[in-house]
Amino acid sequence: MAKQNSTYLTLKDHSVSGDQFQLLHNKELDMLETFPIPEGEELAAYYKSEDYISHTDTRRNLLEYVYHKVREISLKRKLKLINSFQSDSKLLLDIGCGTGDFLQTALKDNWQITGIEPDQNARQISNTKTNNAVFETEHLEHLESNSFDVITLWHVLEHLPNLEMHTALFKRLLKPNGTLVIAVPNYKSYDAAYYKNFWAAFDVPRHLWHFSKSSISELFKKENMTLVKTLPMKFDAYYVCLLSEKYKSGFMNPVKAFWMGWQSNRKAKRSEEYSSHIYVLKHGNN
């Protein structure tokens, strides 16, 4: 997407390759774009790491333990959120479902679930939890229009190579009164400004796009979808700061990370710029 946009930051892939990338500022959408964007198998190679945490259920170290503890709390909040939407049929599509914990939680609460997960190992794990309700990415094209009451992408939109194609697809799959829920990091948060090129949520090149609140609104406005609510993800600041400290100083430094996460959330009470946000979107005529 980026064309003649200014360089916002130069940074490297801290978790897998050490390769360098730029973040270009897209002024039209007020978002950052990773450059260059690897394609095909080249991009897939950047996910091939035992440390890629959303593709594993392991708890080998402090970081993974914190991640899974936070996830347990988040799952309850995510379920409460989707249950707050008026829905008779409770048809849920979760895109990029990882190891399937959110789908499993929804299934236990009588949601009819469908999941999409490109990673084979994560998909196999998720299918053991969801009665084989998780499919490869290509399955999206075979789903009927106006099929789902709720579509969720929990830290997934930033990974999708073709934003225009996917935003149009989400609209097509959503029922006229349905709800689209998207969670993404916020590059305008205090912790992003503090850690700069060490900010873990940049996660280049796996994260191709880096959103602000206004960029989400503008992006989906093109599909006649309206942003109706923005919610903070306060726990994300602590996890992101923990990983950012590891990148910056070589060790996790949990005391410093907790302090910075607390500071980020404290400042966000005034600025409303949290480390990550949940965006709730509806069709424009609702």
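Entry 1. I began with a charge and a ring: in this predicted model, the charged end of K267 sits over the ring of Y190, 5.1 Å from the ring centre. I then looked at which residues Y190 clusters with, and found that Y190, Y194 and Y195 form one aromatic cluster.

Entry 2. Next I asked how many aromatic pairs there are. The count comes to eight.

Entry 3. I picked out Y8 and Y187. Their ring centres are 5.6 Å apart and their planes stand at 80°, which is over the 60 degrees needed, so I noted the pair as edge-to-face. I checked where the two partners lie: Y8 belongs to strand β1 (residues 6–12), while Y187 is in the loop between β8 (174–185) and α6 (190–195). The pair links distant parts of the chain, 179 residues apart. Buried or exposed, I wondered about Y187? Y187 has a relative accessible area of 5%, so I put it down as buried. Y8 has 42% relative accessibility and therefore counts as partly exposed.

Entry 4. I moved on to F102 and W154. Here the ring centres lie 5.4 Å apart with the planes at 80°, so this pair is edge-to-face. F102 sits in helix α3 (residues 101–108) and W154 in strand β7 (residues 148–154). Again I had a link between distant parts of the chain, with 52 residues separating the partners. For burial, I found F102 at 4% relative accessibility, so it counts as buried. W154, at 10%, counts as buried because the cut-off is under 20%.

How values were computed: Residues are numbered from 1 along each chain as its sequence is written. This is a predicted model: local features need pLDDT of at least 70, side-chain atom pairs count only at pLDDT 80 or more; totals for chains, interfaces and linings use all residues. Side-chain values use heavy atoms; hydrogens and water are left out. Rings of Phe, Tyr and Trp (its six-membered ring) pair if their centres lie within 6.5 Å; planes under 30 degrees apart count as stacked, over 60 as edge-to-face and the rest as tilted. Helices (H or I, at least four residues) and strands (E, at least two) are DSSP runs, numbered from the N terminus. Buried means under 20% relative accessible area, exposed over 50%, partly exposed in between (1.4 Å probe, protein chains only). A charge sits over a ring if NZ of Lys or CZ of Arg is within 6 Å of the ring centre and within 35 degrees of the ring normal.
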